[in-house]
Amino acid sequence: MTTGVLNPSHYPARRAATVVQHYLNTRYGSPYRWIFLSTVHSGSAEDVAEMGRKYQLELTMQEMISNVSGRCSAELLFPGGEGQSAPQVQASCEGLHQSNTTAQEEAFYQQHRASNNLASGNDIPDSYGHMEPSVKPFWQLGGVASSFIMLRESNESTLYNMAQVANFTQLETEKDQLRFNYHVLLHEMISQEIIHWKLLVTWSPAQGVQVLQTELQPKCRHCEAPPNTTN
Amino acid sequence: MEQMKRENPDVVSSMVYGQTYERRNITLLKIGLSSTGRKKAIWMDCGIHAREWIAPAFCQYFVREILRTYKTDTKVNEMMKNLDFYITPVLNVDGYIYSWHNESTRLWRKSRSPGTGGCTCYGTDLNRNFYANWGMVGVSTDCCSQTYCGTKALSESEAWAVTDMLGKMREDILAFLTIHSYGQLILVPYGHPNISAPNYDELMEVGLGAATAIKAVHGMDYTVGTSPDVLYANSGSSRDFARLIGIPLSFTFELRDKGKHGFELPEDQIQPTCEEAYAGAHHIITYAHDKVFYSYAVTVTATLWTTLLAAWVSSAILL
């Protein structure tokens, strides 16, 4: 394990930086705000006794819809010891929130909160990387929702991206939250596996994205599905 | 491929050099101005991993581009005269065709050979199946895994076909390029963290030059380094095998993007991705070509300077 100053173009810094990306999306993401890692400027890592490994990173993140970039300082801890424990992230960014998404989010929210025309879709993007423009916000929402899982599942030996929204179905609006069932495909780079997850997702401009339930899907038909995981 | 041959019969020929598991032909295009003697070669293969569709698109673009420009571009013309380009547009034909089947097969990666020993999953990761530190690191022995390295090295006929061709041509090949996605990386040998290529410095210099050339086209950043440094450790790759048998310049290209679309790159990114990858490949091929065909000039220049220096030294002593 590399300790001390990290080479920004080497994988330890890049994997940790991607975890920060997932964290930022859980905090700030929406159907119109989806954040991606742009550059790792510098980083360092150290072992923390009885806790795990702590990373410090200087990054630039970019919001994909507005193309606004912002500088971020982040600290994250990959917990050591037995059992799967999610990384703990703290980050502060300048400039990323400059993208004014209020109008678009409000319009999208109003358009879909009435339950008489529930949205649904599948294979987003399709095999050719194509999607209808009206479906794009659902793709972006899927990406943000996936970030909750990707953050939780990340460790120093993983690098997650969402490969595709296999399908999504809107459910009845409840407590002013838009609600969706999502089936997403995550690509884990180091194992090269495609991992299927089902999510119950809620969103409103006021509350942001919440993921209420996640369920890992079996890899092959004759495999047993692990028990439901509830947040 | 047939069309390229038909339109450019004097410079393009094709060769079937192996069979896939499902008995499909593995075909390459040999492109170059004909000559009487034995020519040096550049090897490029695409589509070793089925779902990386941008890769076969790039091989096709590369072929079209050199055929489009060789009559008017003096450098391309010179390289077509001195070199033959051996381009395999799709190596993993079975997997590629399977990935076009429907939406549920789109993300297939491996070959389509069946599992053995009671394992019911299909496919071996062709880029873990080569005889290059086979099975040592970054592989799985579970036949259901995406990085399953096979029952033994070269268990897959596709890997065997490449190995056989490279073996026959190894003294002539100046550069080996294998095209993948995604990640925007240029990887140099070796995939094993404890083994360094003897010409690591040269590989990095040329790779970084290629990344600079790529960035100049559309501003995209490509990271250069060994796989264990910038991505992950692995063994049994075609790039490592090529370097091990003596091909000096061996690179893996991981094309766009960095994860937003991943394998499912939108159509409007095909052209720009191919343009920048072409610039990167061109840089490496030009370096490989000039190293051999201009080294005489380099030697002459060095000798001239040495002679001048000796003359000056002797005249200085006389004074």
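Analyst: Rings of Phe, Tyr and Trp (its six-membered ring) pair if their centres lie within 6.5 Å; planes under 30 degrees apart count as stacked, over 60 as edge-to-face and the rest as tilted. The model is predicted, so local features need pLDDT of at least 70 and side-chain atom pairs pLDDT 80 or more, whereas totals for chains, interfaces and linings use all residues. Residues are numbered from 1 along each chain as its sequence is written, chains are lettered from A and ligands numbered from 1 in the order written, and side-chain values use heavy atoms, without hydrogens and water.

Ring pairs join Tyr32(A), Phe108(A), Tyr109(A), Phe138(A), Phe168(A), Phe180(A), Tyr182(A) and Trp203(A) into a cluster. Over all chains, the whole structure holds 26 aromatic pairs. Helices (H or I, at least four residues) and strands (E, at least two) are DSSP runs, numbered from the N terminus. Both Tyr32(A) and Phe108(A) are buried; buried means under 20% relative accessible area, exposed over 50% and partly exposed in between (1.4 Å probe, protein chains only).

Tyr55(A) and Phe78(A) form another edge-to-face pair, at 5.5 Å centre to centre and 85 degrees between the planes. Because Tyr55(A) belongs to strand β3 (residues 52-63) of chain A and Phe78(A) to strand β4 (residues 69-79) of chain A, the pair ties together parts 23 residues apart in sequence. Tyr55(A) and Phe78(A) are likewise buried.

Nonpolar cores come next; such a core is a set of buried Ala, Val, Leu, Ile, Met, Phe, Trp, Tyr and Cys residues joined through side-chain atoms within 4.5 Å. The largest has 52 residues, and Ile31(B), Phe58(B), Phe62(B), Phe85(B) and Phe251(B) have the most contacts inside it. Helix α2 (residues 54-69) of chain B gives the most to this core, namely nine residues. A second, separate core of 32 residues includes Trp34(A), Phe138(A), Val144(A) and Ile149(A). Phe138(A) is also a member of the ring cluster described above.
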